[in-house]
Amino acid sequence: MRQNALYITATGAMSGKSAVALGVMQMLTRTMRSVAIFRPIINEPQLDARDPDINLLITHFKLDMEYADAFAYTQAEARDIINKGSRNLLVENIIQKYKKLLQTHDFVLCIGTDFLGKDPVFEFELNAEISANLGCPVMLVTSGEDATARDISDSLQLVMESLEPYSLDVVATIINRSGLSQTELDELRKQLSQNGENALIYAVPNDPAIGRATMNDVKKGLRAEVLFGSSHMDKLVGDYLVAAMHVDNFLNYIEKDQLIITPGDRTDILLAAIASRLSSATPDIAGVLLTGGLQPPESVYRLVEGWSGSPLPILSTKNHTYRTIMALQEIYGLIEPGDTRKINTVLGLFEHYVNGKEIANRILAEGKSNRMTPMMFEFELIERAKSDPQRIVLAEGEEERILRATDILLRREVAEIILLGNVETIRSKASALNLDIARATLIDPVKSPKFDEYARAYHEFRKAKGITPEQARDIMSDATYYGTMMVKLDDADGMVSGAVNTTAHTIRPAFEFIKTKPGFSVVSSVFLMCLKDRVLVFGDCAVNPNPTAQQLAEIAIASAHTAQVFGIVPRVAMLSYSTGTSGKGTDVDKVVEATKIAREMAPDLALEGPLQYDAAIDPIVAKTKLPGSQVAGRATVFIFPDLNTGNNTYKAVQRAAQAIAIGPVLQGLNKPVNDLSRGCLVPDIVNTVAITAVQAAADKKAK
């Protein structure tokens, strides 16, 4: 039976439940149009702060719901009601609020308590009781940190026995921060299965960076003031060092990612810490925390403000040193909505070690919605790219947005990334931005061992156009040409550029020597238009100003193929100002001819033309203007007669319908090369790389 809710509950404190919830929510938003988050009981809010789990999921996944609807009670309120003998009233009110969410959403993800109270047994039983009354299947999250296979087995058997009176359907168990080998995990699954348990069991290894606090967490936990380095508060804190000794001795104790704690009047320690961050001979510290409410004198302020090296976060707290140390023990690393590094690390681990499809089959047995939201499409896009990772070269490797996207792409295992540019500059910028690009391949084109080979190849391809060997070397020193040649010679599977370069500069090399696919005379483009409840394909809106009938037919075939590659069933509308035979004119005649050619090229393709836009997209209008058509009213691929019409229409739809326009996606080339907008954001780059990877994989399969 199809379920419309899932209840995630931990078996104890600090289990990593938030990380699991993040992975599960991603899984759900792939298959559901509207998902809500619900926490029956949350911890007491600090001042006006929101519950971290609710805030993370609503913000990151852009859930369509109000924060106040996402929880029923605080822990103090719940305990007060229970102490008054009104436990049933508590559960009834929780059910009422939960049912209200079910009325407006396809699925509700419930998250249990945080086990930060004094009675974990009470909380465990309360979570079991609530989930039973909500009728939700359960996902258990337990910590495997410093636990043997025997420890975990014994613990889970006790948990299952405790849940028996509630008749709960436990669909999966996640062992977080696990150190189990595959053999131990297989044995654990076998053992629990013999004991009658049929829950899916997954083990996710520990990544210390997820649970580590950032400098921003330290700031919030201590209510500290940021004196310097406010743009680098996402730096992870590994350990603490109280610096009360002389500077000579202090420098001997420095370790990577340390937070240096020292009284605010120890300017010698402060300056030594800054100097250590500038030096390549000492490990990079996370920051400095000045205690006692003491701050550096004006002369030191001026000195630090004029420092031109990598910024170092420097905080000030009113607490004295001992109280500061005690307070730091209570601070742990939350996953903040804006912390893309932690979020993508968590999602990468979850996707790698947890079989989301198995879980989805347990709770979504009747399938998924036929409509596709933008978020579903983006998740499906990433999933497709990950299923067959390709080598994608990014020509603008020194650009900050490219570096940030690379960090995400590598953490999510979307593709193998090759960055072009000055290698030392790339590494320096990545380090300053606190990005992990260690798994990327870095190439300086001019210094590459293959530079001469590429220059000779370019000369061979273009000598008929008058290109000399010397000119070929000059041209190949350009990263865009070099990256395109990598694709041509099979040293990369696809290329992305355009965050800095113009569209013409990005695609010109592809026109010169990548060339078009057999059977195609033209390179064209599409935009993937993500509306609120569907994804449409618009072509050509970026490359060909006034295509001929033959070219228009080729664009239609190529666009249908692109739609199919990205999981969109192609139903092609050849657009005009006339539907059927209702209008006359040379522009209509061109579309009529293009439709005829396209049908000859692909007789099995669902294609109709000429069609007006309203007849193509609106079933009611289609019944009047072209009844009985397989495409009219149901079109998914829209082919515009010229660039003027296509470009203006896609921008109008983008603005009026608040749609997300992904593209332009180039099509018709022998190998994929794609262009970015110079105003692109990091998510745009991630999507474009994923698109290029999917195209590359599809091209390989076609060959």
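Biologist: Before we turn to the place where helix H4 and helix H5 come together, what pLDDT does the protein average, and what share of the residues score at least 70?

Modeller: This is a predicted model, and the protein averages a pLDDT of 89, with 96% of the residues scoring at least 70. One stretch to read with care is residues 366-370, where the pLDDT is below 50 and where the model shows 6 contacts beyond near neighbours in sequence.

Turning to the part you asked about, helix H4 covers residues 87-104 and helix H5 covers residues 120-134, and their axes come within 10 Å of each other while crossing at roughly 50°. An angle under 35 degrees would count as roughly parallel and one from 65 to 115 as roughly perpendicular, and the two helices, H4 and H5, are therefore described as oblique to each other. The crossing also has a handedness, for H4 passes H5 in a right-handed manner. On the H4 side, the residues that make the contact are Arg87, Leu90, Val91, Ile94, Ile95 and Tyr98, while H5 contributes Phe122, Leu126, Glu129, Ile130, Asn133 and Leu134.

Ser524 has a relative accessible area of 1%, and because buried means under 20%, Ser524 counts as buried. Setting aside residues up to four places away in sequence, Ser524 touches Asp540, Val543, Asn544, Ile555, Ala558, Val665, Leu666 and Gln667.

Pro610 belongs to strand S20, residues 606-611, and with a relative accessibility of 4% Pro610 is buried. Although Pro610 and Lys590 are 20 residues apart along the chain, their C-alpha atoms are separated by 9.4 Å. Apart from neighbours within four places in sequence, the contacts of Pro610 include Met574, Ser576, Val588 and Thr595.

Finally, Ala622 sits in helix H26, residues 619-625, and is buried, with a relative accessible area of 4%. Ala622 and Leu611 are 11 residues apart in sequence, and 9.4 Å lies between their C-alpha atoms. Not counting residues up to four places away in sequence, Ala622 touches Ala615, Pro627, Ala632 and Gly633.

Methods
Residues are numbered from 1 along each chain as its sequence is written. This is a predicted model: local features need pLDDT of at least 70, side-chain atom pairs count only at pLDDT 80 or more; totals for chains, interfaces and linings use all residues. Side-chain values use heavy atoms; hydrogens and water are left out. pLDDT is the predictor's confidence in each residue, from 0 to 100. Contact means heavy atoms within 4.5 Å. Axes are lines fitted to C-alpha atoms, for helices over the stretch in contact, and angles run from 0 to 180 degrees between N-to-C directions. Helices (H or I, at least four residues) and strands (E, at least two) are DSSP runs, numbered from the N terminus. Angles under 35 degrees count as roughly parallel, over 145 as roughly antiparallel, 65 to 115 as roughly perpendicular and the rest as oblique. A crossing is left-handed if the near helix is turned anticlockwise from the far one by less than a right angle, and right-handed if clockwise. Buried means under 20% relative accessible area, exposed over 50%, partly exposed in between (1.4 Å probe, protein chains only).
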